[in-house]
Amino acid sequence: NMKTKEFANKFGVSVEEMCRITELSRQGLNDIVSGKSPNPSKAKRLALHNLRDYVAICRAQDIKKANEDYENRMKMAEIFYVN
């Protein structure tokens, strides 16, 4: 079983930040990650929705940064341009 800290780290955040993102208490988060909370609940649905939103925002930021890095590197490569 994955530990809560490992789970949070997979998302690039601390356990405290994961609690804020999911709107769960540390214990609630621990219970879900460890599988001690298998039943559906309003809190789990909200946590899922929030976490998916967070992941989508991260993806958009990553794509934006990758595009900026690409553009900057292509411009830098111009030093090799020869007429």
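This is a predicted model: local features need pLDDT of at least 70, side-chain atom pairs count only at pLDDT 80 or more; totals for chains, interfaces and linings use all residues.
## Aromatic pair

The partners are F7 and F11, whose ring centres are 5.1 Å apart; their planes meet at 50°, so the pair counts as tilted.

Both residues of the pair are partly exposed: F7 has a relative accessibility of 23%, and F11 has a relative accessible area of 26%.

## Nonpolar core

The largest nonpolar core comprises 11 residues, namely A8, V13, V15, M18, C19, I21, L24, L29, V33, A47 and L51. The greatest contribution is that of α2, with 4 residues.

V15 is one of the core residues. Apart from neighbours within four places in sequence, V15 makes contact with T4, K5, A8, R26 and L29.

V15, M18, C19, I21 and T22 are the buried residues of α2. Their arc around the axis is only 165°, and they therefore lie on the same side of the helix. An α-helix has 3.6 residues a turn, so residues three or four places apart point the same way.

The cover over the buried residues of α2 includes α1 (4-10), α3 and α4. E16 and R20, on the other side of α2, are exposed. Just after this helix, E23 adopts a positive phi of about 60°.

Key
Residues are numbered from 1 along each chain as its sequence is written. Side-chain values use heavy atoms; hydrogens and water are left out. A nonpolar core is a set of buried Ala, Val, Leu, Ile, Met, Phe, Trp, Tyr and Cys residues joined through side-chain atoms within 4.5 Å. Buried means under 20% relative accessible area, exposed over 50%, partly exposed in between (1.4 Å probe, protein chains only). Helices (H or I, at least four residues) and strands (E, at least two) are DSSP runs, numbered from the N terminus. Contact means heavy atoms within 4.5 Å. Rings of Phe, Tyr and Trp (its six-membered ring) pair if their centres lie within 6.5 Å; planes under 30 degrees apart count as stacked, over 60 as edge-to-face and the rest as tilted. The arc is that of the directions from the helix axis to the C-beta atoms.
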